[in-house]
Amino acid sequence: MEKISSSPLRLTDKENASGRVELSKKEWKAILSDEVFRITREKGTEKPFSGKYVESRQRGVYTCACCGNDLFSSAAKFESRTGWPSFYAPISEQNVREKLDLGLGLLRTEVLCARCDAHLGHVFNDGPEPASLRYCMNSLALDFCPANGETSRKRAEAKPVEMK
Ligand SMILES: [Zn+2]
């Protein structure tokens, strides 16, 4: 099946042997919008209630805005009233990476895309039972593929991250 691309960059060309996408900041800047770049590559945070996926109830899969990796299912989305799209679990633990974040004088756990290291948001332990996790994400770090809809080009090209 032929994939139609409007992007100047085919991300598969940039994949390394373990299926990761590792671009320089300059390369990311060339393909991402300024606000997506600020959030995902410079660990920014969008204003609460500003994101397009905060209220979304549509069925489908949330993917990485940078590389198309599947990140969260709409089935795991819940209303946290925080102003950011919130999920109680990633679609697969292999698709995200967690990292201790001591920024802002707070002890938090940063959540990154396992395929391209995009900053997605943070995970807190005040989510719903039983796992009590709240993945607090930036809408700008996500794209959305509706169920039964057309698969996005980036997602179609995404391959699972190789297990270490
Ligand atoms: Zn990614």
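T82 is partly exposed, with 14 other C-beta atoms within 10 Å. That count lies between the two cut-offs, since a buried residue needs 20 or more and an exposed one has 12 or fewer. The structure is a predicted model. T82 sits in the loop between β3 (77–78) and β4. Leaving aside neighbours within four places in sequence, T82 is in contact with P48 and C136. F49 lies 33 residues from T82 along the chain, yet their C-alpha atoms are separated by 7.8 Å.

C136, one of the contacts of T82, belongs to strand β8 (residues 134–137). R134 and C136 point one way from β8, and Y135 and M137 point the other way. All four residues are buried. In a regular strand the side chains alternate between the two faces of the sheet.

Strand β4 (residues 86–87) and β8 are joined by two bridges in the antiparallel sense. Here S86 has C136 as its bridge partner. V123 has Y135 of β8 as its bridge partner.

The buried residues of helix α2 (residues 34–41) are V36, I39 and T40. They lie on the same side of α2, because they cover an arc of only 85° around the axis. An α-helix has 3.6 residues a turn, so residues three or four places apart point the same way. The buried residues of α2 pack against β7. Just after α2, K43 takes a positive phi of about 55°.

An open sheet of three strands has the order β2-β1-β9. Its pairing is antiparallel. The edge strands are β2 (70–73) and β9 (142–146), and each pairs on one side only. Neighbouring strands of this sheet are turned by 30° against each other on average, direction ignored. Strands of a sheet pair through backbone hydrogen bonds, either parallel or antiparallel. Strand β1 (residues 60–64) is joined to β2 by three bridges, and the two run antiparallel.

Methods
Residues are numbered from 1 along each chain as its sequence is written. This is a predicted model: local features need pLDDT of at least 70, side-chain atom pairs count only at pLDDT 80 or more; totals for chains, interfaces and linings use all residues. Two strands pair if DSSP finds at least two bridges between them. Axes are lines fitted to C-alpha atoms, for helices over the stretch in contact, and angles run from 0 to 180 degrees between N-to-C directions. The arc is that of the directions from the helix axis to the C-beta atoms. Two residues are in contact if their C-beta atoms, placed from the backbone, lie within 7 Å.
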